[in-house]
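Visitor: I am new to this structure. Please show me how to read its features.

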Amino acid sequence: MIEYRSVLIIDDDKTTRNMLRQMLNNLDFLKTMYVIEAQSWSEASAKIENQQFQLIIVDFNLLPNQNNKKDTRNGLSLLKKHHEELVNNKTKVLLISGSLDQSIIQNTIKLGYKHILAKPLTTEQIEKKIR
C-alpha cells in the first residue's frame, strides 16, 4: 500500500480542486492523507518551498498569479523550478491539462514526469496513475 501523507492540489479553478479532493477521498488507500490546495503558481511555489509533499497534482494551464494575467509561467515551469527538491523528496507528480498537445507531453516526460492526464478526469484514472 502506498501512503501519501501530504498531497498538494494545484489548479486555478476551485471546482476542479474540489473535484480532485473528492476523487482522492473516494480512494480507500488515501483516507489518511492531508490535502492542501493552491490556486496560483506563486502560491504553489511558496507551499512547495515550505513543505514536503508525497503527491502533487498540478494543472499545466495554471494561472501564474491571479493579479498578473501577463505572467506566462505554467504548471510545467513550476515543476522545473522545484525539480531538484521534488526529485530529492521522491515526490510523485501528476500533471493534468484540459488540452494536452505533443509538446506538453514531450516536455513533461523530458523533465522526468511521466504521469500526465487530460481533463475531464475520473477517479479510476487518478488511482491508476498514483498507485
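Here is a short talk about the structure shown above.

Guide: This is a predicted model, where local features need pLDDT of at least 70, side-chain atom pairs count only at pLDDT 80 or more, and totals for chains, interfaces and linings use all residues. Residues are numbered from 1 along each chain as its sequence is written, and side-chain values use heavy atoms, with hydrogens and water left out.

Visitor: How many helices and strands does the protein chain have?

Guide: Helices (H or I, at least four residues) and strands (E, at least two) are DSSP runs, numbered from the N terminus. The protein chain has six helices and five strands. Along the sequence, their pattern is β-α-β-α-β-α-α-β-α-β-α.

Visitor: What share of the residues is buried?

Guide: Buried means under 20% relative accessible area, exposed over 50%, and partly exposed in between (1.4 Å probe, protein chains only). Of the 131 residues in the protein chain, 47% are buried. Accessible areas come from the Shrake-Rupley method with a 1.4 Å probe; for residues, only the protein chains shown count as cover. The accessible surface of the protein chain is about 7,100 Å², and carbon and sulfur atoms hold 47% of it.

Visitor: How do I read the length of helix H1?

Guide: The expected span of a helix is 1.5 Å times one less than its number of residues. H1 covers residues 14-26, 13 residues in total. From first C-alpha to last, H1 reaches 18 Å, close to the 18 Å expected at 1.5 Å a residue.

Visitor: Which residues of H1 are buried?

Guide: An α-helix has 3.6 residues a turn, so residues three or four places apart point the same way. In H1, the buried residues are Thr16, Arg17, Leu20, Met23 and Leu24. Seen down the axis of H1, these buried residues fall within an arc of 125°, so they line one face of the helix. The arc is that of the directions from the helix axis to the C-beta atoms. Lys14 and Thr15 are exposed on the other side of H1.

Visitor: What do the buried residues of H1 pack against?

Guide: Contact means heavy atoms within 4.5 Å. The partners of H1 are strands E1 (6-10), E2 (34-38), E3 (55-59) and E4 (92-97), along with helix H6 (123-130).

Visitor: And what about H6?

Guide: Thr123, Ile126 and Ile130 are buried in H6. They cover an arc of only 65° around the axis, which puts them on the same side of H6. Glu124 and Lys128 are exposed on the other side. The buried residues of H6 pack against H1, E3, E4 and strand E5 (116-118).

Visitor: Where should I look for backbone exceptions?

Guide: Most residues other than glycine have a negative phi, and most peptide bonds are trans. Here, a cis peptide bond joins Lys119 and Pro120, with omega about 0°. Pro120 lies in the loop between E5 and H6. Lys90 is not a glycine, yet has a positive phi of about 55°. Lys90 sits in the loop between helix H4 (83-88) and E4. With 73% relative accessibility, Lys90 counts as exposed.

Visitor: Which residues does Glu49 contact, leaving aside neighbours within four places in sequence?

Guide: With those neighbours left aside, Glu49 is in contact with Lys81, His82 and Glu85. Glu49 is found in helix H2 (residues 41-50). Its relative accessible area is 48%, so Glu49 is partly exposed. Glu49 and Glu85 are 36 residues apart in sequence and 8.6 Å apart in space, C-alpha to C-alpha.
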